[in-house]
Amino acid sequence: MNDRRAWRVAVDPGLVVQRTCDHLDGLREAPADPVPGCEECLRTGRTWVQLRACLSCGHVGCCDSSPGQHAHHHARTTGGHHIARSLQPGDDWAWCYTDEVFLHPARPAGPDGPPPGAARCGRTGGDRIAGDRSTVGPPPEVGPGGMIEARGMGSIIVLFELESDGAIGAEGVEPAVFAVHAAGADPDVPEDPQPYTLCGVETGPMEHAHYRPTRPGDPWYPPVLADRRCQECERALRTL
């Protein structure tokens, strides 16, 4: 690992009281020559979408939109390794898996401000997604009838990406949910999603969650599936 680097929690203009992170001490910069892929995926022959580097030990794992979610698994199973940074070209942000907050360098090169937006994560390719924003914005609002309103794009639809191996969910009947995604509503048929989620995954194979928040402040995802929400979609919602 390289020299130590100071990080701080990204400012969220949508919050009156800003969130904090208790795991900022002793972080190091990502390795200058990281492993050219997710370490676990390389061993097992699996594929990944984006890469994250642990800021405690330099482990390189795949993001939460990848099948393996190995960066998240590394944070959960190696006590004290809470934070990983994006290895996407042009990205300069990190994520605390424990406190669930975005971080950016405490001494940015330019004027102080919100961190650059995370590059969208998509199994079908980032060119499917419109230009990335450069600031972290407020969370989506609950509109009439419980529809989720994302600033700049109107309503969003919550979708379930199901496990591909036939795993069964908690009720023993429906397929298990692999991830919860968000997609813009089709302008012509508002009940249907657009072809791709906010992180770039095709919506065709997904199932409509039929979830709507009941009041302002409710999460965009079903609370019981908080650990399955796509964090790339969540970040995209905050930049819209």
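The model is a predicted one, and the values below are computed from it.

**Aromatic pairs**
- Searching the whole structure gives 3 aromatic pairs, and one of these joins Trp220 and Tyr221, whose rings are 5.4 Å apart centre to centre, with 90° between the planes, so that the pair is classed as edge-to-face.
- Trp220 has a relative accessibility of 6% and therefore counts as buried, and Tyr221, with a relative accessible area of 13%, is buried as well.

**Cysteines**
- A disulfide is a covalent bond between the sulfur atoms of two cysteines.
- The structure holds 0 disulfides, and the cut-off that matters here is that a pair of cysteine sulfur atoms must lie within 2.5 Å to be counted.
- For Cys38, the closest cysteine sulfur is that of Cys41 at 3.5 Å, which is too far for a bond, and Cys38 itself counts as buried because its relative accessibility is 0%.
- For Cys199, the closest cysteine sulfur belongs to Cys230 and lies 3.7 Å away, so this pair too is too far apart for a bond, while Cys199 is buried at 1% relative accessibility.

**Chain as a whole**
- The secondary structure of the protein chain consists of 3 helices and 11 strands, and, read from the N terminus on, these elements follow the order β-α-β-β-α-β-β-β-β-β-β-β-β-α.
- The protein chain has 240 residues, of which 46% are buried.
- Among the contacts in the protein chain with a separation of 6 or more, 57% are accounted for by residues 24 or more positions apart.
- The accessible surface of the protein chain is about 12100 Å², and carbon and sulfur atoms contribute 51% of that surface.

Terms used. Residues numbered from 1 in each chain as written. Predicted model: local features only at pLDDT ≥ 70, side-chain atom pairs only at ≥ 80, totals over all residues. Heavy atoms only, no water. Phe/Tyr/Trp six-rings, centres within 6.5 Å; stacked < 30°, edge-to-face > 60°. Buried < 20%, exposed > 50% of the residue type's maximum accessible area, 1.4 Å probe, protein only. Helix = DSSP H or I, 4+ residues; strand = E, 2+ residues; numbered from the N terminus. Contact = heavy atoms within 4.5 Å. Areas by Shrake-Rupley, 256 points an atom, 1.4 Å probe, with all protein chains shown as cover.
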